[in-house]
Amino acid sequence: MLHFPFILNAQYIDTKWTVTGYFGELWYAEEEDILCKQQEFFKGWADGVFYSCDYAGQSATYNSYKIKEFIENKEFELVNQDNAFSKVFAQNGLTNENSKVFVHRITCNGKKVSDRKVLYPFIIVDGSNKAFYVYEGEIITLKFDE
């Protein structure tokens, strides 16, 4: 039981996340449609500003990286132009290069084929109550209240 808070701060996603800001350029969304909105996950159910799944086959997987490995990962090269992730992590006090980054892929099978969806990448840094989501041309910042 002593390790439970570390799970909450690492790969744990089942909580209510609040959008606190963004880094980059909003392409098609309006700021007022995103800021202060919430995204929630709970045991196969999700609802929020970016993704929802009503107990319709939701699953989640993740990969973990050290911060430096994540920043240098070619998969995130397009969104990481001009070291965007380095800047976002620094703005959020996440500068320890030994910290782990958990990159989640959350999927909903849906009740019909047309209901299938994916939320990716949903990024959490170990030891933090912050998350990041790449959406359109920006990195969305979220947090949960501890």
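## Strand pairing around β1

Let's start with the sheet: β1 and strand β9 (residues 137-143) pair in the antiparallel sense over 7 bridges. Two strands count as paired if DSSP finds at least two bridges between them. Strands themselves are DSSP runs (E, at least two residues), numbered from the N terminus. Across from F23 stands I139 in β9.

Strand β1 (residues 16-25) also has an antiparallel neighbour in strand β2 (residues 38-42), to which 3 bridges join it. Here K16 has E40 in β2 as its bridge partner.

## About the model

This is a predicted model, where local features need pLDDT of at least 70 and side-chain atom pairs count only at pLDDT 80 or more, while totals for chains, interfaces and linings use all residues. Residues are numbered from 1 along each chain as its sequence is written, and side-chain values use heavy atoms, with hydrogens and water left out.

## The disulfide

Searching the whole structure turns up 1 disulfide (a pair of cysteine sulfur atoms within 2.5 Å). The disulfide joins C53 to C108, with an S to S distance of 2.1 Å. Because C53 lies in strand β4 (residues 53-54) and C108 in strand β6 (residues 100-108), the pair ties together parts that are 55 residues apart in sequence. The torsion about the S-S bond of C53 and C108 is about 70 degrees, so this disulfide is right-handed.

Note on methods. Helix = DSSP H or I, 4+ residues; strand = E, 2+ residues; numbered from the N terminus.
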